[in-house]
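These are my notebook entries from a first look around. Please keep the sequence and the model open beside them as you read.

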Amino acid sequence: MFFALKPALAAIAASMLMIAPGFAASLEAMAGQMIIVGFQGDSASDKSIKTLTAELAAGDIGGVMYLKTNVSSLAAVKAMNAAFRAASPDLPPFITLDQEGGAVERLTKDVGFTEIANARTIARQMSPEQAEAVYAKMAKAIAGLGFTVNFGPVADLDINPNNQIIAKFGRAFSADPAVVAKYDAAFVAAHEQAGILTALKHFPGHGSSTADSHEGFVDITKTWSKTELEPYRALFAQGYSGMVMVGHLYHADYTDAGAKTPSSLSRQWITGVLRGDLGFDGVAISDDLEMGAIRKHFNLKQTVTGAVRAGLDVLLFSNTANYHAGLGDEVRAILVSEAESDPSFAALIERSYNRITALKAHIR
């Protein structure tokens, strides 16, 4: 397994992608790579899919996010993904989905996809080696459909038995960070063998929370502990350099001065803890920025600029709160406008672009 992309190789890979025929790393193009959007439609012949494909071809967005509503059949998914890939062959798109197993699956038995158990069940019934074999079959099937990113594994600890988003669905492998790290590594290795990128989630830890960030603000000040960072620390020590998905979790000790910022908009968490304390220099991606925890407290400009200044590289929008086909354009316009008026913001976009292109060099 590659697990780590050596810095020198990363720079070479990024430079190769940047000079690919027909691709210019303009400010607009760099900003476009930072955007992943959800979409409507479930067939390559749909007008919405053709529009999305054109956006990928133009470099207006860097990837797409699947929900169950986009899956009518495996054949249709494969055809859509082929169109998405063909639209940008020199800089492959992030074609993403959540396929953890258990309740969190976009591909199900209803369309002929083999489902697997949730993380808790797998850890209780299988060794890490056996789990890797299960995940390898799943990852191979995902890759065969043309996906490039699976948003997993869950690095949260199974701490709070009444947790509404993690424990309720058995999404965490264990309450023991060492156990979680072993099964996370198995999940990652299986996907890497299939050429699928992964995203550790939900930094800095959703397992002890007492609320669901899909619904609104989640305060972890009194429940969270530094132990919840240990799976990340362990994976980074092994050389993990894929994505880390940052959740929308508020902690009073890690909020930006004068603001009540959740982790996805907090420089204290992303630049301070994830980048600084833990030493992660890979791609940091947001959880869905249309979740209630964000949407109910920040407007789109505040969300976009705040996320980038905090240290995020990729902004994920499910485009479900108030669907509109021009969401990617709107987000990119905010990024470009802010960069044109603030050189330091432009530098952040360029840094994110370099991280993204280095990671995309692994897509096959």
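Predicted model: local features only at pLDDT ≥ 70, side-chain atom pairs only at ≥ 80, totals over all residues.

I started at S344, which I found in helix α13; helices here are DSSP runs of H or I with at least four residues, strands are E runs of at least two, and both are numbered from the N terminus. S344 counts as partly exposed because its relative accessibility is 45%; buried means under 20% relative accessible area, exposed over 50%, and partly exposed in between (1.4 Å probe, protein chains only). The side chain of S344 makes a polar contact of 2.5 Å with the side chain of D342. I take a polar contact as a pair of N or O atoms within 3.5 Å; within protein, one must be able to donate a hydrogen and the other to accept it, and residues adjacent in sequence count only if both atoms are side-chain atoms.

Residues are numbered from 1 along each chain as its sequence is written, and side-chain values use heavy atoms, with hydrogens and water left out.

Next entry: helix α11. Its residues 300-310 include the buried T303, V304, T305, A307, V308 and A310. These buried residues pack against α9, α10, β12, α12 and α13, where contact means heavy atoms within 4.5 Å. At the N-terminal end I found N299 as the cap, with a side-chain oxygen 3.2 Å from the backbone nitrogen of K301. After α11 comes G311, with a positive phi near 125°.

Then I moved to R332 in helix α12. Is R332 buried or exposed? R332 counts as buried, because its relative accessibility is 14%. A polar atom of its side chain lies 3.1 Å from the backbone oxygen of D60. Leaving aside neighbours within four places in sequence, R332 touches E28, A31, G32, I35 and D60.

Now the sheet. I traced an open sheet of eight strands, paired in parallel, in the order β11-β9-β7-β6-β3-β2-β1-β12; strands pair if DSSP finds at least two bridges between them. The edge strands are β11 and β12, each pairing on one side only. Strand β7 (residues 197-203) has seven of its seven residues buried. Two parallel bridges link β7 with β6, and N150 has T198 as its bridge partner. Towards β9, three bridges join the parallel strands, and F203 stands opposite V246.

The axes of α6 (residues 128-144) and α7 (residues 177-193) come within 8 Å and cross at roughly 35°; axes are lines fitted to C-alpha atoms over the stretch in contact, and angles run from 0 to 180 degrees between N-to-C directions. Among the residues that meet are Y135 and M138 from α6, and Y183 and F187 from α7.

Leaving aside neighbours within four places in sequence, A123 is in contact with F173 and Y183. A123 counts as buried because its relative accessibility is 17%.
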